[in-house]
Amino acid sequence: MELDGVSALITGGASGLGAGTVRKLCGLGVRCTIFDRNEAGAKQLADEVGTGADYVAGDVTNPDDCQRAVDQAAGNASLRIAVNCAGTGWVGRVINRDNSPHDLGAFKFIMELNIVGTFNVMTRAASVMAGTEPGPDGERGVIVNTASVAAFDGQIGQLAYSASKGAVVGMTLPAARDLASVGIRVMTIAPGLFDTPLLGMLPQEQRDALGQSVLFPKRLGQPEQYGELVADIARNSYLNGEVIRLDGGIRMPPK
Ligand SMILES: NC(=O)c1ccc[n+]([C@@H]2O[C@H](COP(=O)([O-])OP(=O)(O)OC[C@H]3O[C@@H](n4cnc5c(N)ncnc54)[C@H](O)[C@@H]3O)[C@@H](O)[C@H]2O)c1
């Protein structure tokens, strides 16, 4: 796909992997719409990037907010790219230290954000993309979802998080099959350990130790490297229905 001049919607685009994607795509001439519940962060990045970006403040778990974001992105230029980066983690075991069960509310919160949020944006973006004029090869667009290596190497305390990311992995092939007839590809990236505010909550010592646990290179991934893979996926129209681990070869141990 030719990237220059097309429109992209990036959820969670105000921070971390989403922000890395916005910076990368804008640098390649893509018109980016940042969709994030952090309005101040979204505005700040849109201002920094300049005319190549605008933003929508909203919640990916709210279908109306998602429709608004998709419509705004589609109003800028032909919507060809939707990237789902809004999401978060949770730590909780099947049973707590006092043997009480994992909190149901927390489990449902993670499912709602990481799965339903991805579903909301993917379905609405695809619905609009399907009505656009196809490019060469009959291609109308690409959807990139964000899982995690936790979908495969779930650690102690990652019950909810791993379940949610496993669902994102599981949606990849059926979504790609559903959308093949309208020329829309679906890909998922499963990041390893990236240097974003999500990991920034950890003390530096622990972040350094995490970096050392990567096979090579022995450091955390940079959000720009995530953005680079999104751009590569968008450009290479033969990538479809697959999950790519972007993780420096790390395999997470039980804890
Ligand atoms: N950082 C990592 O090492 C890592 C590894 C694997 C997977 N991931 C996944 O990548 C995604 C992005 O992570 P990150 O590290 O960039 O996190 P981050 O916290 O830096 O950014 C997440 C962004 O999503 C936004 N957001 C959260 N809930 C939202 C909602 N309901 N509606 C709209 N926006 C919302 C936040 O405001 C924030 O700007 C997440 O799904 C995360 O699980 C991250």
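**Exercise 1. Burial and overall size**

Task: State what share of the 255 residues in the protein chain is buried, then describe the overall dimensions of the chain.

Solution. Buried residues account for 50% of the 255 residues in the protein chain. Here buried means under 20% relative accessible area, exposed means over 50%, and partly exposed lies in between, with a 1.4 Å probe and protein chains only. This is a predicted model: local features need pLDDT of at least 70, side-chain atom pairs count only at pLDDT 80 or more, and totals for chains, interfaces and linings use all residues. Residues are numbered from 1 along each chain as its sequence is written, and side-chain values use heavy atoms, with hydrogens and water left out.

Next, count the elements. The protein chain has 8 helices and 7 strands. The radius of gyration is 18 Å, close to the 18 Å that the globule rule gives for 255 residues, so the chain is as compact as a globular protein of that length. The radius is taken over C-alpha atoms, and the rule is 2.2 Å times the number of residues to the power 0.38. Helices (H or I, at least four residues) and strands (E, at least two) are DSSP runs, numbered from the N terminus.

Then take the box. Along the principal axes, the C-alpha atoms fill roughly 55 × 35 × 35 Å.

**Exercise 2. Contacts, surface and charge**

Solution. Start with contacts, meaning heavy atoms within 4.5 Å.

**Exercise 3. The aromatic pair**

Task: Classify the pair formed by the rings of W90 and F109.

Solution. Rings of Phe, Tyr and Trp (its six-membered ring) pair if their centres lie within 6.5 Å; planes under 30 degrees apart are stacked, over 60 edge-to-face, and the rest tilted. The count is 1 aromatic pair. The ring centres of W90 and F109 are 6.4 Å apart and the planes meet at 65°, so the pair is edge-to-face. W90 sits in the loop between β4 (79-84) and α4 (104-129), and F109 in helix α4, so the pair ties together parts 19 residues apart in sequence. W90 is partly exposed at 38% relative accessible area. F109 is also partly exposed, at 39%.

**Exercise 4. The surroundings of T21**

Task: Is T21 buried or exposed, and which residues does T21 touch?

Solution. Locate T21 in helix α1 (residues 16-27). Its relative accessibility is 0%, so T21 is buried. Leaving out residues up to four places away in sequence, T21 touches I10, V83, C85, Y226, G227 and V230.

**Exercise 5. Backbone exceptions**

Task: Examine the peptide bond from F216 to P217 and the phi values of N99 and D137.

Solution. Most residues other than glycine have a negative phi, and most peptide bonds are trans. The bond from F216 to P217 is cis, with omega near -5°. P217 lies in the loop between α7 (204-212) and α8 (223-235).

N99 has a positive phi, near 70°. N99 is in the loop between β4 and α4 and is exposed at 57% relative accessible area. D137 has a positive phi of about 80°. D137 is in the loop between α4 and β5 (141-146) and is exposed at 74%.
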